[in-house]
Amino acid sequence: MQLELLSLELVPFLPIYTLAMFSIATPAINRIGIRILKREVSAGWCVFNLLFAFAMTILVMPEYFGTPTLIGNVLKIDLFSLFFTLIFLLVALFISVASLRYMHDNPNQEIYYTMLPLSTLGMILVAFSVDLVILYIAWELMAIPTYVLVCIRKDDPLSNEAAMKYFIFGAISSAILMYAISLIYGVAGTTRILAITEFLSTTVNPFAYISLIMFVVGFGIKIAAVPFHIWAPDTYEGAPTPVSGLLAAGSKKAGFAAIIRVIIIGMPVLRVDWGFGFVILAVVTMTYGNIAALMQKSFTRLLAYSSIAQVGYILIGFATATSLGISGALYHILNHAILKSAAFVAATGVIMKLKSSELESFNGLSKQMPITAFTLTIVLLGLAGIPPTNGFFSKLILFTAAIDAGLIFLAVAGVLNSAFSLSYYAWIIKRMYIDESKDEFSEITEPLSCVFVLITASILIVTIGLFSATILDFIAAIIQTL
Amino acid sequence: MIGIISWMFIIILIGAVLSYGVGKRNELIGKSIATGFTIVLFVLSIYLWISAPIGDDFFFLENITWIPSIGINYIVGVDGISLPLVLATTFLTMLAALGSCTMISERVPQYFGLLLILELGLLGVFVSLNLILFFIFWEIVLIPMFLLIGIWGGPNRKYAAMKFIIFTAVGSVLMLIGFIFLFIAATPHTFDFLILADTEIARPLQLIIMVTTFCGFAVKLPVAGLHTWLPDAHVEAPAPISVLLAGVLLKMGGYGFIRINLSLFPEISLEFAPFFIGLALLTIFYGAAVALTQRDLKRMIALTSINHMGFVLLGTFTGNLVGLSGAVFQMWNHACAVGLLFLLSGVIQHNAGTRDIDKLSDMLRKMPGTSALFVFGALAAMGLPFLSSFVSEFMIFVGAINAFPFAAIVVLAPGIVAAYFIWTIDRIILRPKEKVQIEQDYEAHEGKLIELIAVAIFAIPIVLLGIFPALMLQTIVPSCQRLLQNI
C-alpha cells in the first residue's frame, strides 16, 4: 500500500525530479568531468538535463489529457502546467545552447549552468502550484537563481547595477506577494486556491480586494506591466544578454501562469474588478511599451520595451476573461516566449561579435552576418504580428476576443499599437538590409550556437503559425481541464 | 488534390528559392530562372483565363480546412472580377522581370527572390476567398515591397520605404478590425467569404465595418488625402517595381472595394455612394491637376495613376452594371497603360540619365523607339478611342452619369490628362535641344532592344482590347451581374 502510493506520486513528478537532482549535481559533475575530459562539462550537462526533462514531459503528457492529477492538494498536474513546462524548458534550452559560446570564458560557468535549470525548475513549479504557500516557494526558487545569473559577470559595474535593481524590485515583488497571501489566508483561513475560490463565492470581504490588488502588483512587477516595469529595461541591458532572454521569455511567463492560477481561475467572483484593472493595465502597458521602444538607441533596451508592449497584448486576453481570450493569451505566451528568446539570442550573437548592442551596429548586418540578419527578420516580423508568423495568429485571436467581449476600444488600441510597433521593427530590418555599415566590410564567422538556436526558432515560428489549428485544439483542451 | 491556383503558389515559391540559390553562384542564370518562372506563371494564368467557363460563379475553387476553430480556411477561387487582376499580376511581373534584367545590377539574387515573393502575395490577394487568407497575402505584399523600394530605390529611398510601410500597415490593421467584426456577425463565426456573402449584418455593424475597411482600401487605392505615400514610393522605387506598385498594388484597394464592400454589405455601401462618388471625383481631379505641375516624369505618371484609380472608385460605386464592369476593366487597362509608362520612364532614366522634364529634350532624334512608345503610352493613358482605356472610361462615364447626373463633370478630367501629356510630349520629345533653358550635358541614346521589347509587349493588350473589348468583358460582365443581383 505504502509503496503503491509512493510510486503513484513519483511518476508524475519525474521531469521535475530529474531536473532538480541533475541541477544540484552540476558542480560535482563538472569537477569529475574536468578530471576525465580535461574540459568544462557543466554546459553540456545542463543542456542534457533540460533536454531530458523536455523529452520526459512530452512522454508523460498523454496521461493527463482530460484527467488532472492532484498531488497532496498543493500541486496540480494538468495540461496547463505541462504546457507551461514545455515553454519554460524550450526557453531554457534556447538560452543554454546560445550561452555555450557566450559563457565560454567566464570563470563562473558551473554556477551559471546550475542556476539556469534551477530557476527553470522554479518557473515550472509556479505553473504547477495550486496552493499559495507552494506558489510562494516556487516563486522564490525561480527568482533567487536569476539574481545570481544577472550579476554573473562580477567585474562589470553595469551588470552589478542591473542585478541590484533587479534584486530590489524582485524582493519588493516577493514581499507584496507574501502580504497578499497572508491577507487572503486571514480572510479565508486557507491557502489552497480552490478553497479560497469557494470561500469568496459566499463571503464578501474588503480584505479580499486589498489582497487582489496586491497580487496584481506583485505579479505585475514580475511581468513588467506598466507602471511596475521600471526595473526591466535597465536589468535587461545590464544583465548578460542570454540571461535577459531568460527573464523576458521565461520568468515573465511564470508570472502569467501565476496570474491565471490565482486571479483568473482563483477569484472568478471578483471578475468585474480585476477585469477592469487588466483593461487599464493592458492599454497603458502596450502603448507605453511601444512609444518607449521607438525612442531606444540600444537593441537590448528596445527588446525590453517591446517585451513590455507584448505583455500588454497578453493582458488583453486576461481583460476579456472569456475562453477565447484566455486561449489567445496562452497562445501569445507561447509565441512570445519563442520570439523573445530568439530575439535575445540574436542580440547575444551580435553583441559577441560586434561588441556593441547599439542599433547603429546593426547597419549593414545582412552582409556581415547574413543568417543572423535573416532569422532576426523573421523574429521581428513575428513580434510585429505580420502573417504568416505565429505572432499574427495569436494577436488575431486576442483582438477577436476583445471585440467579442465588447471591449472594442481595447481591440482598436491593440491593432493600432501593433501597426505602430511595426515602425520600429521595420526600422531594424531597414538598418540590417538597407543601410550600409560605417566600418569596412568584413566577413564575420557567425557564432554557431546562436545560429543553431535562431534557425530552430525561425522554423518553429513559421510552423507554429501554419499549424495553428493543432496548437489551438491543444489550448482548447487545456482550458477545458483548467 | 490541389488545384491549379495552389500549383501557381508552389511554382512561385520554388522559383523564388531556386533563382535565389542559383543566382548566388551565377547572377545571369538566376535572372533567367526568375524570368522563366514569371513566364510560366503568365502562361498558367492565360490558361486559367481561357479555360474559365463564362459563367457567374467562382471557378477553380479549392477548399482546404486550416484553422476551423477560428473560421480560417484555405479557400481560393477566381471569378470574372479577379481574373483580369490575376492576369495583370502575372503579366506585369513577367514584364517587370524582363525589364529588371538590364536595370538592376546589384544584389541581383535577392532582388529576383523578393520579386517572386511579391508576386505570390499579389496573386494571393486576388484569389483568396477567406478574409484572413486575404489579409495574410495582403501583408505578405508589404515586406518585399518595403525591401525592394528600400534597397534598390532612388536617393530618397529609405524615407519612401518607411512611409510606405507605415501608411499601409496602419490602414491594413484597421481593415483587420472590420474583418473581425464580420467574423463575429456571422453565425457560425467564420471568415469564409462565401458564407459571409449570405449573412445578414445589422446596420450599425455594417457602418463600423465600412469605416474600418475603408481605411485599408482607401490608403491602397489611394484616394486623395491618403495618397501622400504614393508619389514618394513610386518615384523612389526602381522602375520595374513602380510598374508593379502602380499596376497591381493599387488594384488591391479597388478590388477590396468591389469584393468586400459591394459583395458583403452592399446596402450601406450604396447608401454612402454619393460620399464615395464625391471622393472619387476629388481623386480624379486632384490627380490630374497635380500631375500638370510636375517636373519629374515618374512623379507625373504616379499622379496619373491616382487620377485613373479615381475612375475605378467612381465606377465601383455607381451601383450599375456598366459602371462596375467599367471599373474592373479600367483596373486591367490602367495596369497596362501605366505599366508601359513606368517601365519606359526607367528606360529613359537608364539611357538618358535623367527623368526631369525640363532637362529632357529632342528625344525624337536621339531615342526614336522610346519616343514612339512614350507617345503610344500617353495616348493610352489619355483614353484615345481604339485603345482599351477609352472603352473602360466610357463605360464608367455612362454608369456614373446614369446613377448620379452631377458626376457628369468627370468628363472634363480626360481633358486635363490629355493636356499635360501633350505638353510633356511637346517638351521632352519635340523640343529641340537649343530651347532648353537649363544648363545641362546629357547624353541620350536609344534603349537596349530587350528593354524596348519588354515595353512594347504592353502595347499588345492595349490595342487588342481596344478593338475587341468583348474578349475581356465577356468574363467580367457575368460576374459583375451576379454581384449586383444580390443587392
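**Entry 1: helix α2 of chain A**

Helices here are DSSP runs of H or I with at least four residues, strands are runs of E with at least two, and both are numbered from the N terminus. The model is predicted: local features need pLDDT of at least 70, side-chain atom pairs count only at pLDDT 80 or more, and totals for chains, interfaces and linings use all residues. Residues are numbered from 1 along each chain as its sequence is written, while chains are lettered from A and ligands numbered from 1 in the order in which they are written.

Which residues of α2(A) are buried? I listed T26(A), I29(A) and N30(A) for this helix, which covers residues 26–37. Seen down the axis of α2(A), these buried residues fall within an arc of 100°, so they line one face of the helix. The arc is taken from the directions that run from the helix axis to the C-beta atoms. I noted that an α-helix has 3.6 residues a turn, so residues three or four places apart point the same way. On the face turned away from the buried side I found the exposed residues A28(A), R31(A), I32(A) and R35(A). A residue is buried if 20 or more other C-beta atoms lie within 10 Å of its own, exposed if 12 or fewer, and partly exposed in between, with C-beta atoms placed from the backbone.

**Entry 2: L246(A)**

I placed L246(A) in helix α11 of chain A, residues 241–264. Is L246(A) buried or exposed? It counts as buried because it has 30 C-beta neighbours inside 10 Å. Leaving aside neighbours within four places in sequence, L246(A) is in contact with V91(A), A92(A), I95(A), T146(A), L149(A) and S251(A). Contact means that the C-beta atoms of two residues, placed from the backbone, lie within 7 Å. I also checked F228(A), 18 residues from L246(A) along the chain; their C-alpha atoms are separated by 19 Å.

**Entry 3: the nonpolar core**

I found 382 residues in the largest nonpolar core. Such a core is a set of buried Ala, Val, Leu, Ile, Met, Phe, Trp, Tyr and Cys residues joined through C-beta atoms within 7 Å. Among those with the most contacts inside it are F94(A), V126(A) and L313(B). Not counting residues up to four places away in sequence, F94(A) touches S341(A), A342(A), V345(A), V453(A) and A457(A).

**Entry 4: the two chains**

I counted 20 helices and two strands in chain A, and 21 helices and two strands in chain B. The radius of gyration of chain B is 21 Å, close to the 23 Å that the globule rule gives for 487 residues, so chain B is as compact as a globular protein of that length. The radius is taken over C-alpha atoms, and the rule is 2.2 Å times the number of residues to the power 0.38. Of the residues of chain A, 59% count as buried; for chain B the figure is 61%.

**Entry 5: where the chains touch**

I found 25 residues of chain A in contact with 29 residues of chain B. On the chain A side, α17 (390–404), α18 (408–433) and α20 (468–481) each supply at least two residues. The largest share, 11 residues, comes from α18(A). By class, this side of chain A has 19 nonpolar, four polar and two charged residues. Ala, Val, Leu, Ile, Met, Phe, Trp, Tyr, Cys and Pro count as nonpolar, Asp, Glu, Lys and Arg as charged, and the others, Gly among them, as polar.
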